[in-house]
Amino acid sequence: MISLLEFRNVCKGYPKLSVPVIDGVSFKIEQGERIVVLGASGSGKTTLLQLMGLLLRPDSGNVLIEGEDVQDWSESKRSRWRNQNLGYVFQDFGLIPELNLVDNIELPLRIAGLRTSGLDGMKFLSEVDLCGREKAFPAEISGGESQRVAIARALVGHPKLILADEPTGNLQGQQGKQIAELFKRLQVKLGFTLIVATHNEDLIELLDAKTWILSGRLTKST
Ligand SMILES: Nc1ncnc2c1ncn2[C@@H]1O[C@H](COP(=O)(O)OP(=O)(O)OP(=O)(O)O)[C@@H](O)[C@H]1O
Ligand SMILES: [Mg+2]
């Protein structure tokens with residue numbers, strides 16, 4: 001079987017750091033997996049997710065997407081792959097204040113050059129249990145609701161891969177728990193591959209996910 005994503009001995013550092021942040025990491029991720037990458041602040045979670053999402057290039061090693069080495073892909077091929085296959089969810093939601101919730105959700109479709117009518121936005125607003133709020137703006141909703149809109153926006157293009165970077169980091173306990181449960185329910189329903197980077201161990205159980213520990217090197221605990 002060809003894996004959705006494979007890393008072969010990937011290293012990535014930054015100029016002012018003496019040791020690489022990602023130091024010879026190898027793994028395969030299959031379609032439909034749920035994985036929690038657990039690590040302390042500064043352990044390299046965001047760096048790892050950005051490598052997975054083709055937002056960063058490794059210093060050495062290989063990244064393969066469905067068996068194809070992306071080393072030789074042009075920037076435009078990378079960005080086309082991201083547009084068609086990747087949804088990214090950030091700790092700080094990243095909603096556009098000037099757009100209502102439906103327009104925020106449909107933004108990736110418009111960036112991909114597709115015509116939008118509000119129907120996709122409404123459908124995914126309903127998937128995240130926010131029916132009736134379509135005319136609201138980001139300033140008018142809570143943090144937990146903002147993250148639900150951001151998840152809807154990440155899903156609207158039916159991506160194969162969702163990368164979520166500390167998606168509950170800015171939320172209170174109960175709201176964070178609801179977001180994790182929503183992620184799990186949508187993943188089971190839609191079948192995308194879900195990678196969540198966090199320092200919050202509770203997400204492992206809430207998402208019923210495989211766990212990877214990141215501290216210099218990546219280890220798999222389950
Ligand atoms: N653009 C950059 N330039 C230089 N150093 C960087 C850059 N981005 C990250 N780093 C450093 O690389 C290390 C890993 O950073 P990264 O953001 O991947 O960690 P993280 O696990 O996501 O941390 P956090 O939980 O605080 O978000 C840190 O020491 C950080 O200071
Ligand atoms: Mg980070």
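## Close-up views of a predicted model

**View 1. Ser 41 meets ligand 1.** A polar atom in the side chain of Ser 41 sits 2.6 Å from an oxygen atom of ligand 1. Please keep in mind, here and in the other views, that this is a predicted model.

**View 2. The shell around ligand 1.** Which residues are around the ligand? They are Tyr 14, Leu 17, Val 21, Ala 40, Ser 41, Gly 42, Ser 43, Gly 44, Lys 45, Thr 46 and Thr 47. Sorted by class, this shell is made of 6 polar, 4 nonpolar and 1 charged residues.

**View 3. The largest pocket.** Here we turn to the largest pocket, with a volume of about 530 Å³. Its lining counts 21 residues, and those nearest the centre are Arg 82, Asn 83, Leu 86, Gly 87 and Pro 108. Which of them gives the most? That is helix 3, with 4 residues. By class, the lining of the pocket has 13 nonpolar, 6 polar and 2 charged residues.

**View 4. A salt bridge between Glu 75 and Arg 57.** The structure holds 12 salt bridges, and this view shows one of them, in which the closest N and O atoms of Glu 75 and Arg 57 are 2.9 Å apart. The two partners come from distant parts of the chain, 18 residues apart: Glu 75 belongs to helix 2, while Arg 57 is in the loop between helix 1 (45–52) and strand 4 (60–65).

**View 5. Two loop residues with a positive phi.** Most residues other than glycine have a negative phi. Asp 129 is not a glycine, yet its phi is positive, at about 60 degrees. To find Asp 129, look in the loop between helix 4 (119–127) and helix 5. His 158, also not a glycine, has a positive phi of about 55 degrees. Where is His 158 placed? Follow the chain to the loop between helix 5 and strand 7 (161–165), and there is His 158.

Conventions
Residues numbered from 1 in each chain as written. Chains lettered and ligands numbered in written order. Predicted model: local features only at pLDDT ≥ 70, side-chain atom pairs only at ≥ 80, totals over all residues. Heavy atoms only, no water. Near = heavy atom within 4 Å. Polar contact = N/O pair within 3.5 Å; in protein donor to acceptor, adjacent residues only side chain to side chain. Nonpolar A, V, L, I, M, F, W, Y, C, P; charged D, E, K, R; others polar. 1 Å grid on protein atoms, 1.4 Å probe; cavity = no way out; pocket = protein on both sides within 12 Å on 5 of 7 lines; lining within 4 Å. Points joined across faces, edges and corners; volume = space filled by probe spheres on them. Salt bridge = Lys/Arg side-chain N within 4 Å of Asp/Glu carboxyl O.
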